[in-house]
Each structure stands twice: as structure tokens, then as C-alpha cells.
Amino acid sequence: MTSAEPQVDTLDDPSLDRPAAMDAIDSRAKDAEQLNAGAVNEQAGQVNKAATSTNDLGDELKVFQDDVLRQWGGKDAEAVANHLEQLSKSSYKVSDKAEAAKKALDRVSDILDNVKKKVADLAKQANDNDADNRRLIGAARQRKNNSEDENEIKSAASEIERLRQLNETDSNGKKKEIEQALETAEKQIDDLLKPLGMEIEGGFIEMLPADTSGSTTPQNAGSSPVGGGGPAPPTTSSGGDTGGSSSGGGGPVGSASSGVPGDGKPAKPIDARGDNPAKIAEQFLGRNAGDLKGTGELPAMEGWVPNNVNCANFVSGCLEAAGLIDMEQASASVSELSSNLKADGWQSVPLSEAKPGDVVVSNGGGHVVMYAGDGQFIGSNNINPDGSQQISMGGGDGLVEVLTPPAG
């Protein structure tokens, strides 16, 4: 062969009409299609059963403890009763963690379902735009090849190049939207699961090794197939025994959180013994509950509790800072905190007799705040757009009980 083969004009090659970004879009859409929110729902159901079982065990151990104290006597009986009490508290703590995990998994399921739909919609838009642009390119190519007018040929060639550039810009934009959607979803899921020592991987939940370094960086960071994603639609926490959600004081539940962020540096625990716990709470108005867990200002606030169920966590922190309870009595569970207070002599009173600092169980038993006086309440409420809690006034709707400390 003595001469080179004639090359096809690149404007006449239909394979060049489809932007490279479309392959990435189709690949992302295929990956997102594999996300299995149903598998996460199954995990949430199993965790919920575990929460119920361990809570029931805590109740049974308390009954056994009461029986021991009622039927036995002496130091041996007291030792057994104390042991049963510790076992009961441990069971409640396990139940709290399981309930918190169930709520987090429910939210993860929502995020997976919504990012899956969003990616599918964006991929369809990208493919529809690509098909429309390529039809226009094909029509311009036909005009170019069927005309003998030099000006018409140049005009059609210019149109092909313009449409190809437009198609590339459109597809790159959709590719970026899809990647951003997946990244956002992954971050939302990480934020939900890291406090519980869990991650999303392969469409199912896998427990991570315990982190003894204090770091929250997962060992397999970046391995999640969730990708990234547009903001997931709002969901409302159902409240419940781990701290509960309440709209009291609240604005809409939706996306980015507000409030005063912590600086990430441990702070000296506040020295407020003898102060009214409602007044202590006022120091934190506008602060996000999730930030407070990292500052050390309220040591009783436990870091593992998800940011949308910190109500009992926060009330416990204020009561402990005021010297009204000790760390053993603090709890992230509304029911356990209420039970601990009653066991320590706190009495139920009507709202008309409530004093600032009294503990208020609300939202049908799924939320807890404090009475702030003048018919107002203060606590950790679900008012941030993403459903997480912020210290605010409110949270007393659906009042169940007001508990006041023993006199003296």
C-alpha cells in the first residue's frame, strides 16, 4: 500500500456526536439502580426487634430487683439488687442504641430511595437531551452532504460543531449534577451512621470496628457505592424513647442545619452546680445539639446519640451540670431518664404548679424538655432544616407529665 487511506471527515462520523460524559452518566445510573433501600429497611426492622427485646429485659430485671428488695434482707440482698440495677441500666442503654440505630437506618433508607430516583431522573434528562441534539446534528450533516453550495456547506459544518459543543456542555452539566447528588447522599448517610459505628456498603449495613482513637474517620472511607447526591427530601423523626423528635419550638424539617457551630475543641465543663437547669439551658440557645456533644461543656451528653434524638441527652446534661442528678442517672432515653428521676424522688405535678427547671415529658412520651417559666419550655428540639436538633424554646406540645425534684 503506497498511500494513506483517505480519512473520513470527523464531522461525518456519528460516533463523535455522543459526548464521553454520557458513558459516565449511564454507568452512574446503573450503579444507583443497585441501591437497595429495602435491604436497609429489613435491617431497621431487625434492629427495632432488638431494641424492644432489650428494653423488655431491662423492665424484667427491674421487676426482679424489686422482688429481691421486697422478699430478702441484709447486705447480700442489697448487693444482688445493685447488680440487677446495673444489668437493667445496661439493657436500657443497649435498647437506646438499638432504637437510635433503627431511626438512623430508616433515614438512610429514605436517602437511598430518593437519590436512586434523582439519579434515574437526571440520567433520563441527559439521554433525552443527547438524543435531541444528535437528531439536530444528523439533520445538519445531511444538509452539508447534500448541498453543493459552499456557503451552505460551511454553515452546516459550523452548526454541527456548535451542536456537538452544546451536547457536550449539557451532558457534562448533568454528569456533575449526578455526582453531586451521590456525594451529598453519601455524606448524609455517613453523618447518620458514623456516631453508631456503622457504614453503608454494597446496599447493606456493615458494622465497623470500634474506634479507639477518637477519630470518626471510617477505615474504608470512600468505599461506599452510594456515590454522592442531591439533597434528599425531608423526613420527620418519629420521636420515641431515645430522645424523640418534637416540632415544639420548631421550624420546618428539611436540609442544611443552622445554629452556632462548635469549634471542635474540648471546653471545660460548665460549673453550674446549684443553678436552675433551665437557666443553664438558656446558655446554649441557638446551639446545635450535635455540636455540644463534641465540646465537653455538658459531659453527660453522649456522643453516640444521633443528632436528631438528643432531647433526653441534653436535659440530662443540664440536670447533671446543676447537680440535680449524677452521671449514672443521666440517659439518652426519655423513659429511662423519667424512671431514674422518679426513683430519686422526683414527683409528678400539674403544669400549673411547674417551676423553672422542672422536667417536662411531651410528644406523647417521646420527647423531653424543661419548663422555663411563664408557660414556656426549653430543650433540644428538631427545628433544623435537616431534622437535627437545636437548643430552642418550645417542645412542650403533647404534654404527658411534669416532674419536679424533691424539696430540700
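**Figure 1. Overview of the predicted model.** Among contacts (heavy atoms within 4.5 Å) in the protein between residues at least 6 apart in sequence, 72% join residues at least 24 apart. The model is predicted, so that local features need pLDDT of at least 70 and side-chain atom pairs count only at pLDDT 80 or more, while totals for chains, interfaces and linings use all residues. Residues are numbered from 1 along each chain as its sequence is written, and side-chain values use heavy atoms, with hydrogens and water left out. The protein contains eight helices and eight strands, which are DSSP runs numbered from the N terminus (helices: H or I, at least four residues; strands: E, at least two). Of the 408 residues, 44% are buried, a term that denotes under 20% relative accessible area with a 1.4 Å probe, protein chains only.

**Figure 2. The open sheet of six strands.** The strand order is S3-S8-S4-S5-S6-S7, with antiparallel pairing; two strands pair if DSSP finds at least two bridges between them. Strand S3 (347–349) and strand S7 (390–393) stand at the edges with a single partner strand each, so one side of each is left without a neighbour in the sheet. From one strand to the next, the twist averages 35°.

**Figure 3. Strand S4 and its partners.** S4 and S5 pair in the antiparallel sense over four bridges. In S5, Val 369 is the bridge partner of Val 360, and Val 368 is that of Val 361. The hairpin of S4 and S5 has four residues between the strands, and Asn 363 takes a positive phi near 55° there. Three bridges join S4 to the antiparallel strand S8 (residues 401–404), in which Leu 403 stands opposite Val 359. Val 359 and Val 361 point one way from S4, whereas Val 360 and Ser 362 point the other way; all are buried.

**Figure 4. Helices H7 and H8 across the sheet.** H7 lies across S4, S5, strand S6 (376–381) and S7, and runs at about 45° to S5. H8 lies across S4, S5 and S8, at about 40° to S8. The axes are lines fitted to C-alpha atoms, for helices over the stretch in contact, and angles run from 0 to 180 degrees between N-to-C directions.

**Figure 5. The largest nonpolar core.** A nonpolar core is a set of buried Ala, Val, Leu, Ile, Met, Phe, Trp, Tyr and Cys residues joined through side-chain atoms within 4.5 Å. Of the 31 residues in the largest core, Phe 314, Leu 341, Val 359 and Val 368 touch the most other members. The elements giving two or more residues to this core are H5, H6, H7, helix H8 (334–343), strand S4 (359–362) and strand S5 (367–373). H7 gives the most, with seven residues. Leaving aside residues up to four places away in sequence, Leu 341 touches Leu 319, Ile 325, Trp 346, Val 359 and Leu 403.

**Figure 6. Two aromatic pairs.** A search of the whole structure finds two aromatic pairs, for which ring centres of Phe, Tyr and Trp (its six-membered ring) must lie within 6.5 Å; planes under 30 degrees apart count as stacked, over 60 as edge-to-face and the rest as tilted. Phe 284 and Phe 314 have ring centres 6.2 Å apart and planes at 90°, so the pair is edge-to-face. Phe 284 lies in the loop between helix H5 (277–282) and helix H6 (289–295) and Phe 314 in helix H7 (residues 311–321), so the pair ties together parts that are 30 residues apart in sequence. Both Phe 284 and Phe 314 are buried. Tyr 371 and Phe 377 also form an edge-to-face pair, at 5.8 Å centre to centre with 70° between the planes. Tyr 371 is buried at a relative accessible area of 9%, and Phe 377 is buried at 12%.

Conventions. Buried means under 20% relative accessible area, exposed over 50%, partly exposed in between (1.4 Å probe, protein chains only).
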